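Dear colleague,

I am passing on a structure that you have not worked with before, and I would be glad if you kept it open while reading the notes below.

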Amino acid sequence: MTDRTHPANDLESQTKPTIPLYPRNISKSDRRDPLQHEYFNPPIPKRKFQVRHSLPPKKKRSCCCRFLCCTFTILLILIIAISITIGTLYLVFRPKLPKYSVDRLRIAQFNLSDNNNLFVTFDVTVTARNPNKKIGIYYVSGSNISALYKETELCEGSLPNFYQGHRNITVLNLPLTGQTQDATGLVNTLQQQLQEKGNLPLNIKVNQNVRVKIGKLKLFRVKFRVRCEVVVDSLGADNDISISDSSCKFKLRL
């Protein structure tokens, strides 16, 4: 038997809609692989790259180096100028430190009251020497002088304001007064020291503000400290105390 094509099936196949592989408006020459055609693979838009022109880096390091070099140079010039000035002044005026000594000590009062308060009054004679030929010294306010046994202050006072000229020796009589509470133990210690050693070490401290005069020029204010170690043989009131040893140290504080 021969195969027969049913007319109904053919009609159905002809009338069934189909999807074209290519768009109808495309010619045969433009027909390519459907998977590679723009209809199926739309073109990828190209990214627009913006070219940014970078600015050259600022020369911060060079600016810092210049600043440091200028600062160092200025400081070096100042140091050299100050050194030359100080050296010139030293060669011209030949400055020397003043000298001090405690020459006399008189105890006007050394009494222990009934309520264990110690009242002390010293009359101290201090000699100040200015060995400089062209430098004067102004003694200004703010001075203090005190007498101590070890670290315990017995009495205190102050120096007067005065001017000490070139190569001048000034003798100062200074009253020192003081009061110490609950001083029974202190008095017993002082008496025991005198009985065992036969002498008593005292410290005389001076803190003084001065201004130096060079020619007609007054320089800035400076402060110096004098510490004198004095050894006495007695603490009897109304007596001139014999000073067996005395040495003073001078220290300048700008």
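The notes that follow take up a few residues in turn.

Please bear in mind throughout that this is a predicted model.

I begin with Ser101, which has its place in strand 1, a run covering residues 99-112. Ser101 counts as buried because its relative accessibility is 15%, and buried means under 20%. Its side chain makes a polar contact with the side chain of Asp103 at 3.0 Å, and the side chain of Ser101 makes another polar contact, at 3.4 Å, with the side chain of Arg129.

Lys150, found in the loop between strand 4 (144-149) and strand 5 (152-157), has a phi near 55 degrees, which is a positive value in a residue other than glycine. Arg167, in the loop between strand 6 (162-164) and strand 7 (168-180), likewise is not a glycine and has a positive phi, of about 45 degrees.

Arg167 counts as exposed because its relative accessibility is 57%.

With kind regards

Technical notes
Residues numbered from 1 in each chain as written. Predicted model: local features only at pLDDT ≥ 70, side-chain atom pairs only at ≥ 80, totals over all residues. Heavy atoms only, no water. Helix = DSSP H or I, 4+ residues; strand = E, 2+ residues; numbered from the N terminus. Buried < 20%, exposed > 50% of the residue type's maximum accessible area, 1.4 Å probe, protein only. Polar contact = N/O pair within 3.5 Å; in protein donor to acceptor, adjacent residues only side chain to side chain.
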